[in-house]
Amino acid sequence: MKNHLWNNKPYHSLDYHLQEKFGEKIYKISLNARMTCPNRDHSIGSRGCIFCSQGGSGDFAGSPSFSIYQQIEEGKKYFLDSPKNTGKKFIAYFQAFTNTYAPVSYLREVYMEALSHPDIVALSIATRPDCLEKEKLDLLEEIQSKKPVFIELGLQTIHEETACFIRRGYSLPCFEETLRACRSRKIPIVVHTIFGLPFETEKMMMETISYLAQKDIQGIKLQLLQVLKTTDLALIYKEKPFKTLTLEEYVDYVVRAIEILPETVVIHRLTGDPPKDLLIAPLWCLKKRVVLNTIHKEFQRRNTWQGKKYKRLTS
Ligand code: SF4
């Protein structure tokens, strides 16, 4: 076993990355900046991606009735009240809906409000590649000269037929163009992927990861498809229940995915944290500790680690 570079973990974890970058433990506070999404306001569609909850995939974000500063204060309480009481610095995570889908003046206001909080060391902004026009990139570049900014893009899959089925609403070339534009400004990119999307085979899922392994991305969030109440996926599931991933399948895909990613890509997430009251299937993912332990054990059992099977392909 390569006993590693990443505090004895077989992968380059976000925790490790933040400790290295900031010299201390850093937590993320999820925020709701009262934006919407072109997939919900009728610009592209009105019902959102088929798996997206009413909370815009930000069910743990702060209350939109609070200001950004107040949401940070509320989020801090949660961490400071925890028995571990570790971490005094935080990342402001703009999570709910599409967090660059507003006029630049509004974006400047909410990002600056977060940065005005003395305990915020960086911004993480979840968005879509079709919502990052030049003026918004200019703003992010400007902010980045003051504090680190991470842009999180919900790609989920590289396969157009799946993207169409889940109603993602933008194409792979759109993702590639935005990735290039962000990287030309040195803005770090974190890509979200989902394993177990309807009709995706194991080969298709690994093709998405192999594709990303060759791209200039700085982080990845791995996730499994979860069927949540109030989504169109739940309606499809109710009408014709389809197979969701088992724990064993998911663990297998995660380990194989990490093996083919380069060591430089930070693993921001290994599994999702579904809202308990909304989850329909698969129920095993509620036991996050068990999922993480099973993944760690599987790395050991296979005597493998991040990048073990990574191959740089020349284009
Ligand atoms: S792009 Fe994001 S916020 Fe918009 S519908 Fe899809 S998952 Fe939800």
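A residue is taken to be near a molecule if its C-beta atom, placed from the backbone, lies within 6 Å of it. By this criterion, the ligand is surrounded by C37, N39, R40, G48, C49, C52, G56, S57, F97, T98, R128 and G154. The model is predicted: local features need pLDDT of at least 70 and side-chain atom pairs count only at pLDDT 80 or more, whereas totals for chains, interfaces and linings use all residues. Residues are numbered from 1 along each chain as its sequence is written.

The chain contains 10 helices and 9 strands, assigned as DSSP runs (helices H or I, at least four residues; strands E, at least two) and numbered from the N terminus. Buried residues, defined by 20 or more other C-beta atoms within 10 Å of their own C-beta atom, placed from the backbone, account for 40% of the 315 residues.

In α9, the buried residues are Y250, V251, V254, V255, A257, I258 and E259. These residues pack against β5 (189–195), α7 (202–213), β6 (219–224), β8 (266–269) and α10 (288–302), where contact requires C-beta atoms, placed from the backbone, within 7 Å. Residues up to four places away in sequence aside, I220 touches V190, V191, T193, L212, L261, V265, I267 and H268.

Conventions. Buried ≥ 20, exposed ≤ 12 C-beta atoms within 10 Å, placed from the backbone. Contact = placed C-beta atoms within 7 Å.
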